[in-house]
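Biologist: Could you take a close look at the core for me, and at the pieces that sit around it? I'd like one connected walk-through that I can follow on screen.

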Amino acid sequence: AERFLREARAAVRIRSEHVARVTDVGTLQDGVPYMVMEFLQGDDLSVVIKRQGGQPLPVVVEWLLQAGEALAEAHSLGIVHRDLKPGNLFLTRRPDGSPCVKVLDFGISKLTGEGPERGMTKTSDVMGSPFYMSPEQMRSTRSVDARSDIWALGAIFFELLAGATPFDAETMTGLVVSIMQEAPRDLSQYRRDLPPGAHAVVAKCLQKDP
């Protein structure tokens, strides 16, 4: 219940058009918490990847710049998302038909300097989506900062271009080892049409050292 309320509080603080708006939050008479959010039409980016595979570079850059705008504001407010993934980036349309990406689900976000975080998140807790978790988040969910969100954006950037995640394994343990110790997949094996700058951005985001 506390994480539910945290999502509402975080979303209300961020004014960017690229965060799904929360208009009301409260508790019903029977004690069940509720949240009223804007109605979005479209698909999240995991659906886009599953349906269409890798996307054109200009399209991907526009989507991630929009998501980055929302995250920049969140980070300036001391909010770290901690669960960025294609499924939490929702692609909808503005009234003029132009694409608009909305960042969803601040339920496990971290408010830096917030006291209750220690009670809600033990160092041993693993929260987030493993394919998009930075090495430091694998070690300790509680101690991550905005750089972990940047790692996740890099993983999403790779997947939107390649149609595959930068790290993969048959088991959770194998995935953790891969993210912690191994280099990401070679993006050029999936896309030979990308300029050096695209490869450089992905490589910068996916550095092991924060």
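Modeller: Let's settle one term before anything else: contact means heavy atoms within 4.5 Å. By that rule, take the contacts in the chain with a separation of 6 or more: residues 24 or more positions apart account for 66% of them. Keep in mind that this is a predicted model, where local features need pLDDT of at least 70 and side-chain atom pairs count only at pLDDT 80 or more, while totals for chains, interfaces and linings use all residues. Residues are numbered from 1 along each chain as its sequence is written, and side-chain values use heavy atoms, with hydrogens and water left out.

Some overall bookkeeping comes next. The chain has eight helices and seven strands, taken from DSSP runs (H or I with at least four residues for helices, E with at least two for strands) and numbered from the N terminus. Of its 210 residues, 47% count as buried; buried means under 20% relative accessible area, exposed over 50%, and partly exposed in between, with a 1.4 Å probe and protein chains only. The chain exposes about 10400 Å², and carbon and sulfur atoms supply 55% of that (the areas come from the Shrake-Rupley method with a 1.4 Å probe, and for residues only the protein chains shown count as cover).

Now to the part you asked about. The largest nonpolar core has 46 residues, a nonpolar core being a set of buried Ala, Val, Leu, Ile, Met, Phe, Trp, Tyr and Cys residues joined through side-chain atoms within 4.5 Å. L64, L89, F106 and L160 have the most contacts inside this core. The elements giving two or more residues to it are α1 (2–13), α2 (45–52), α3, β5, β6, α6, α7 (172–181) and α8. Among these, α6 gives the most, with 10 residues. In soluble globular proteins, nonpolar side chains tend to be buried together.

Leaving out neighbours within four places in sequence, F106 is in contact with R6, E7, A10, I14, V19, A74, I79 and H81.

From there, go to the helices. In α8 (residues 196–205), A198, V202 and C205 are buried. These three cover an arc of only 70° around the axis, so they end up on the same side of α8; the arc is that of the directions from the helix axis to the C-beta atoms. The buried residues of α8 pack against α3 (57–76) and α6 (146–162). On the face turned away from that buried side, α8 carries the exposed residues P196 and K204.

Helix α7 can be read in a similar way. Its buried residues are L175, S178 and I179, and they span an arc of only 95° around the axis, which puts them on the same side of α7. They pack against α5 (135–139) and α6, while T173 and Q181 are exposed on the face turned away from the buried side.

Then there's the sheet. Three strands form an open sheet in the order β3-β5-β6, with antiparallel pairing; two strands pair if DSSP finds at least two bridges between them. β3 (43–44) and β6 (99–103) are the edge strands, each pairing on one side only. Two bridges join β3 to β5 (residues 89–93), and D44 stands opposite F90 in β5. Helix α3 packs on this sheet, touching β5 and β6, and its direction makes about 40° with that of β6. For that angle, axes are lines fitted to C-alpha atoms, for helices over the stretch in contact, and angles run from 0 to 180 degrees between N-to-C directions.

Stay with α3 for a moment, as H75 lies in this helix. H75 counts as partly exposed because its relative accessibility is 25%. Not counting residues up to four places away in sequence, H75 touches V80, A146 and D149. The C-alpha atoms of H75 and A146 are separated by 6.2 Å, although the two are 71 residues apart along the chain.

One last stop is R82, in the loop between β4 (79–80) and β5. R82 is buried, with a relative accessible area of 3%. Its phi is near 75°, a positive value in a residue other than glycine.
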